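With the structure open in your viewer, follow the stops below in order, selecting each part as it is named. The tour starts at one residue and widens step by step to the whole chain.

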Amino acid sequence: MFIQNRPDVSTANVTAYPDEDYEPITPRRVYFDPMDAEESVVLQILSDSIAEPQEVLKLDLSDPGQDETIGPVNTTFIIINDDDGKLVF
Ligand SMILES: [Ca+2]
Ligand SMILES: [Ca+2]
């Protein structure tokens with residue numbers, strides 16, 4: 001029997017700000033085929049012209065379908081490296 005795992009994926013802030021540093025993803029389904037451990041999600045990073053430290057957001061998997069489970073790792077962190085020059089302290 002062919003059963004897909006269909007959790008939701010969504011973005012959450014750590015130090016990056018939605019609509020300022022990245023386009024947030026409201027919870028949406030991703031589809032894992034049986035024995036499939038990877039799926040791709042396109043995330044839009046928003047550029048600015050401000051020199052700033054690295055910014056961090058995360059992708060969370062949640063709300064698996066009925067009779068489905070999510071493994072112990074349900075979050076991945078994404079680091080946005082600044083490309084606007086050196087910070088001066
Ligand atoms: Ca920024
Ligand atoms: Ca910047």
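Select V14 to begin, which in this predicted model lies in the loop between strand 1 and strand 2. Is V14 buried or exposed? Count the C-beta atoms around it: V14 has 11 other C-beta atoms within 10 Å, and because a residue with 12 or fewer is classed as exposed, V14 is exposed.

Next, select residues 8–13, which form strand 1, together with residues 55–62, which form strand 3. These two strands pair in the antiparallel sense over 6 bridges, and if you pick A12 you will find its bridge partner, K58, in strand 3.

From strand 3, move on to strand 4, residues 75–80, which runs antiparallel to strand 3 and is joined to it by 6 bridges. To see one of the paired positions, select L57, whose bridge partner in strand 4 is I78.

Now return to strand 1 and look at its pairing with strand 2, where 2 bridges join the antiparallel strands. Here V9 stands opposite R28 in strand 2.

With the four strands shown together, which order do they take in the sheet? The sheet is open, its pairing is antiparallel, and its 4 strands follow the order 2-1-3-4. Strand 2 (28–29) and strand 4 stand at the edges, and each has a single partner strand, so one side of each is left without a neighbour in the sheet. While you inspect side chains, keep in mind that in a regular strand they alternate between the two faces of the sheet.

Finally, zoom out to the whole chain, whose secondary structure comes to 0 helices and 4 strands, running β-β-β-β from the N terminus on. The radius of gyration is 16 Å, well over the 12 Å that the globule rule gives for 89 residues, so the chain is more spread out than a compact globule. Along its principal axes, the C-alpha trace spans about 60 × 20 × 15 Å. If you colour by burial, buried residues make up 6% of the 89 residues. Among contacts with a separation of 6 or more, residues 24 or more positions apart account for 59%.

Methods
Residues numbered from 1 in each chain as written. Chains lettered and ligands numbered in written order. Predicted model: local features only at pLDDT ≥ 70, side-chain atom pairs only at ≥ 80, totals over all residues. Pairing = 2+ DSSP bridges. Buried ≥ 20, exposed ≤ 12 C-beta atoms within 10 Å, placed from the backbone. Rg over C-alpha atoms; globule rule 2.2 N^0.38 Å. Contact = placed C-beta atoms within 7 Å.
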